[in-house]
Amino acid sequence: MKPTTGRIVRYRGKQGLLAMRAAIVTADVDTLDPRGVEAGEVPALDSDQHVHLWVFTPGEKGGFAEFNVAPGDEPGQWSWPPRV
């Protein structure tokens, strides 16, 4: 299934405890503004499975952005939440 903007996914952190966190897709290949990419304001996406994310964290900041994130279960990758 192709990720789409607004979908909730899981993101495994790249640092520290490599914690699994909730994230929302903020851009996919169909919603990424090419003018922003051309202007150097937004990173490009490497494939239709790569996304930009807002990763939610507990604490005062509330989260952080990650760009051009690939799917998978390794640190720094996104995955679909398990269906219950």
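The legends below describe close-up views of a predicted model. Local features rest on pLDDT of at least 70 and side-chain atom pairs on pLDDT 80 or more, whereas totals for chains, interfaces and linings use all residues. Residues are numbered from 1 along each chain as its sequence is written, and side-chain values use heavy atoms, with hydrogens and water left out.

**View 1. Histidine 52 in strand E3.** Because its relative accessible area is 3%, histidine 52 counts as buried (under 20%, with exposed over 50% and partly exposed in between; 1.4 Å probe, protein chains only). Leaving aside residues up to four places away in sequence, the contacts of histidine 52 include Ile24, Val42, Leu45 and Phe67, contact meaning heavy atoms within 4.5 Å.

**View 2. The largest nonpolar core.** Nine residues make up this core, namely Val9, Tyr11, Ala23, Val25, Val51, Leu53, Val55, Val69 and Trp78; such a core is a set of buried Ala, Val, Leu, Ile, Met, Phe, Trp, Tyr and Cys residues joined through side-chain atoms within 4.5 Å. Strands E1 (8–12), E2 (20–27) and E3 each give two or more residues to the core, and E3 gives the most, with three.

**View 3. Surroundings of tyrosine 11.** Beyond residues up to four places away in sequence, tyrosine 11 touches, among others, Ala23, Leu53, Val55, Val69 and Trp78, and tyrosine 11 is itself one of the core residues.

Key: Helices (H or I, at least four residues) and strands (E, at least two) are DSSP runs, numbered from the N terminus.
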